[in-house]
Amino acid sequence: MDDPSANRKPKAPRAGIFLAIDAWIDSSLYEASFKAREFWETMTIFFRRFRVRGWRRGVIEVLSEGFTMGAAGSVVLLALALPAFEETAGSWHQQDDFAVTFLDRYGNEIGQRGVIQRDSVPVDEMPDYLIKAVLATEDRRFFEHYGIDFMGLFRAMSENVRANSVVQGGSSITQQLAKNLFLNNERTFERKIKEAFLSIWLEQNLSKKQILQLYLDRAYMGGGTFGIAAAADFYFGKQVKDLTLAESAMLAGLFKAPTKYAPHINLPAARARANVVLSNLVQSGFMTEGQVLSARLHPATAVDRGDRKSPDYFLDWAFDEVKRIAAKSGEHSLVARTTIDMNLQKAAEEAVEYNLRQHGKEYHVTEGAVVVIERNGAVRAIVGGRDYGTSQFNRATKALRQAGSSFKPYVYATAMEHGFTPESVISDGPISWGNWSPKNYGRSFAGRVTLTTALLRSINTVPVRLAKDYLTTAPIKALAEAMGVESPISSHKTMVLGTSGMTVMDQATGFSVFANGGFGGARHGITQLATHSGKVIYDYERDAPKPRRVLSEKAVSAMNSIMVQNPEVGTARRAALPSIRSAGKTGTTQSYRDAWYVGFTGNYTAAVWLGNDNYSPTHNMTGGSVPAMVWQRLMTYAHQNIDIKPIPGIKNPYVDPKVAEKAAEMEQKNADAVDVDMGRPPILSSATTRVLREMGDAFRTAPPLGVPAEPETLSVL
């Protein structure tokens with residue numbers, strides 16, 4: 001029998017196959033590496049032909065590094081430019097076609113905005129010496145640079161070093177226009193970067209003539225005027241075409257500091273500045289000394305307008321309100337009756353300036369903002385900064401600053417709406433929310449405390465525990481928004497301690513809900529809009545939505561019963577008013593960057609913020625110090641000779657005599673008897689004022705008188 005295995009072919013050993021594969025891989029890698037080395041050697045020999053030595057090599061190395069750094073720099077510049085170019089979205093190039101004359105609450109004219117009732121005068125129709133005066137003072141190389149004048153910047157730096165002070169600015173006209181159109185006056189590195197990119201963008205999209213025209217039409221010129229045409233009329237009662245050289249020099253000198261050099265306020269300073277402008281004309285070669293001699297010998301004199309000071313920060317905010325209200329009306333030339341009380345406005349400005357002058361250096365604080373709202377929602381005063389001429393940035397309505405502990409009333413009010421009471425007990429002890437472990441100001445804990453004690457002592461752990469264990473942040477955010485806070489509020493857990501940015505207007509609006517009994521949506525700055533012919537297109541009482549309840553009476557009473565103790569025994573004792581009960585909450589942010597006091601009576605709500613534009617820390621300034629003193633000084637004035645209304649939920653509007661005595665001592669300490677006369681002129685009571693207004697309305701709506709009829713003959717019996 002045959003063996004079946006004899007016909008089978010022998011199998012190759014597996015080890016032999018793997019060895020063959022390994023050998024193929026080794027040989028392939030060797031050949032590849034050999035060819036790579038051969039290629040590299042060939043390329044090296046080739047590039048040796050281009051090798052340079054000596055000084056040429058140094059040049060090549062520098063250029064090589066320059067290209068590398070240039071590529072990296074281009075990427076960085078692009079990243080920095082994108083935020084700047086976002087500012088150009090919208091109809092920035094169109095001058096607001098609204099022309100609005102503003103009246104105060106009593107019907108007195110207080111200023112204008114928009115085109116300022118003056119048509120823009122083309123550059124070609126302006127006097128030649130006016131254009132030369134502006135260029136000689138603001139940007140001599142305007143027609144030579146491309147947005148940024150590096151030579152002018154170097155010259156300004158040299159002059160400033162030589163004079164050991166800032167005597168010249170390095171910003172070109174294009175840079176100043178970029179700031180006026182798109183940015184604000186904040187002194188930050190980010191703003192300067194945006195300004196540089198936007199200047200180049202303007203140069204690329206507009207002609208030099210268009211840039212100069214916009215600059216002359218949009219610049220703030222003091223006295224509540226914007227643009228060279230409005231300034232010529234306001235200061236000299238003339239059209240731009242009729243200005244003399246002396247008057248042109250005086251106007252050209254206003255661009256640097258319009259408030260400081262305004263001729264209707266400080267004529268000697270304005271004339272001295274005009275003389276500097278005339279010297280600039282000669283130094284730049286635009287005119288000769290003989291041509292400017294007459295203007296030196298016969299300086300300009302402004303029209304006497306008294307010591308008029310317009311409430312510019314209020315007007316800026318009110319102008320935005322007008323544009324919002326009248327956007328669909330089709331009418332653009334309007335007269336707006338506002339809610340501002342000029343007595344309160346001046347008192348608010350004085351309270352801020354006085355306290356900053358007295359305590360600014362000690363606490364390292366330079367800026368402040370105030371908003372005052374009456375119980376009916378009328379905005380009576382806005383202070384957006386110390387000097388509008390220096391900075392038009394409105395810190396009261398646009399600056400987002402952390403609220404700190406002044407945000408806590410929103411948390412506690414939410415708790416009251418969820419069944420808590422002022423006597424509810426919460427633990428003040430260590431707490432962690434995720435990886436966040438907030439501490440109290442004194443780094444200590446008080447154990448179980450009532451909500452009244454927690455708010456009066458501004459304990460941090462209690463509102464955090466309320467939000468974490470009972471409320472969550474969603475209802476707190478919703479209530480704050482319902483109470484009138486318009487700035488974005490974060491839902492992050494840290495928001496309960498006031499980490500969200502808020503404006504002073506937000507704070508005044510929100511706290512006014514406590515003062516008016518729980519109603520939101522009442523804040524307003526415009527009571528009536530009419531055309532110059534008398535056609536009323538908006539009336540607040542007729543057209544505005546009615547206020548709505550956003551906080552229950554029970555919650556309002558509970559919150560007010562706590563906050564009314566703050567000026568008496570809490571953190572706001574420096575805000576206590578003589579004889580009158582008030583309520584409020586202090587706030588201080590991390591590193592003492594922001595200090596707040598927001599308080600109210602039965603008549604007014606006022607929010608006060610103090611800090612620095614560059615976010616630098618103050619010297620341990622808390623909300624219970626200077627901000628409370630500003631509030632106390634202002635509100636003491638505001639409550640003279642008026643009917644005192646009780647705070648909702650608080651029966652007696654007057655304080656205990658002992659507390660009143662302490663508040664009077666504080667007021668006497670803060671009074672400035674030498675520099676400021678805070679005596680309020682006698683005014684009518686609210687009841688008498690209301691009757692007189694009703695009589696005035698009756699006279700306005702009465703039918704016109706016709707020809708008198710013949711008197712009837714009466715028979716005498």
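This is a dialogue about reading a few features of a predicted model.

Visitor: Where should I begin with salt bridges, and how many does a search of the whole structure find?

Guide: The general idea is that side chains of opposite charge can pair when their charged atoms come close. In this predicted model, a search of the whole structure finds 25 salt bridges. One of them joins Arg 105 and Asp 341, whose closest N and O atoms are 3.2 Å apart. That pair links distant parts of the chain, with Arg 105 in the loop between strand S1 (99–103) and strand S2 (109–114), and Asp 341 in the loop between strand S3 (333–338) and helix H13 (342–363), the two being 236 residues apart.

Visitor: Is Arg 105 buried or exposed, and what is the relative accessibility of Asp 341?

Guide: Arg 105 has a relative accessible area of 14%, so it is buried, and Asp 341, at 1% relative accessibility, also counts as buried. The cut-off behind this reading is that buried means under 20% relative accessible area.

Visitor: Which salt bridge does Glu 289 form, and how is Glu 289 classed by accessibility?

Guide: Glu 289 pairs with Arg 296, and their closest N and O atoms are 2.9 Å apart. Glu 289 counts as partly exposed because its relative accessibility is 38%, and Arg 296 is partly exposed with a relative accessible area of 23%.

Visitor: Which side chain meets that of Glu 374 in a salt bridge?

Guide: The side chain of Arg 380 meets that of Glu 374, at 2.6 Å from N to O. Glu 374 counts as buried at 18% relative accessibility, and Arg 380 counts as buried at 7%. Elsewhere, salt bridges that share partners join Arg 113, Asp 312 and Asp 316 into one network.

Visitor: How do strands S4 and S5 run, and how many bridges join them?

Guide: Strand S4 (residues 367–374) and S5 run antiparallel and are joined by four bridges. Within this pairing, Val 372 stands opposite Ala 381 in S5. The hairpin of S4 and S5 has four residues between the strands, and in this hairpin Gly 377 takes a positive phi near 95°.

Visitor: Why is strand S5 described as largely enclosed by the rest of the structure?

Guide: The reason lies in the accessibility of its residues: five of the five residues of strand S5 (residues 379–383) are buried, so the strand is largely enclosed by the rest of the structure.

Visitor: Turning to rings, how many aromatic pairs does a search of the whole structure find?

Guide: The search finds 14 aromatic pairs. Among them, Phe 142 and Phe 143 form an edge-to-face pair, with 5.0 Å centre to centre and 75° between the planes. The two partners can be read through their accessibility: Phe 142 counts as buried at 0% relative accessibility, whereas Phe 143 counts as exposed at 53%. In another pair, the rings of Phe 511 and Phe 514 have their planes at 80° and their centres 5.7 Å apart, so this pair is edge-to-face. The cut-off needed for that step is that planes over 60 degrees apart count as edge-to-face.

Visitor: What lies over the face of Tyr 615, and what sits over the ring of Tyr 354?

Guide: Arg 401 lies over the face of Tyr 615, at 4.0 Å from the ring centre. The charged end of Arg 633 sits over the ring of Tyr 354, at 3.9 Å from the centre of that ring.

Visitor: Which residues make the nonpolar surface patch?

Guide: Ile 17, Phe 18, Ile 21, Trp 24, Ile 25 and Leu 29 make a nonpolar surface patch of about 680 Å². Ile 25 lies in helix H1 (residues 14–47) and is partly exposed, with a relative accessible area of 37%.

Visitor: How far apart are the C-alpha atoms of Thr 531 and Leu 334?

Guide: These C-alpha atoms are separated by 4.6 Å, although Thr 531 and Leu 334 are 197 residues apart along the chain. Thr 531 lies in strand S11 (residues 526–531) and counts as buried at 9% relative accessibility.

Methods: Residues numbered from 1 in each chain as written. Predicted model: local features only at pLDDT ≥ 70, side-chain atom pairs only at ≥ 80, totals over all residues. Heavy atoms only, no water. Patch = residues over 30% accessible without salt bridge, like charges linked within 9 Å, V, L, I, M, F, W, Y side chains within 5 Å. Areas by Shrake-Rupley, 256 points an atom, 1.4 Å probe, with all protein chains shown as cover. Salt bridge = Lys/Arg side-chain N within 4 Å of Asp/Glu carboxyl O. Buried < 20%, exposed > 50% of the residue type's maximum accessible area, 1.4 Å probe, protein only. Phe/Tyr/Trp six-rings, centres within 6.5 Å; stacked < 30°, edge-to-face > 60°. Lys NZ or Arg CZ within 6 Å of the ring centre and 35° of its normal. Pairing = 2+ DSSP bridges.
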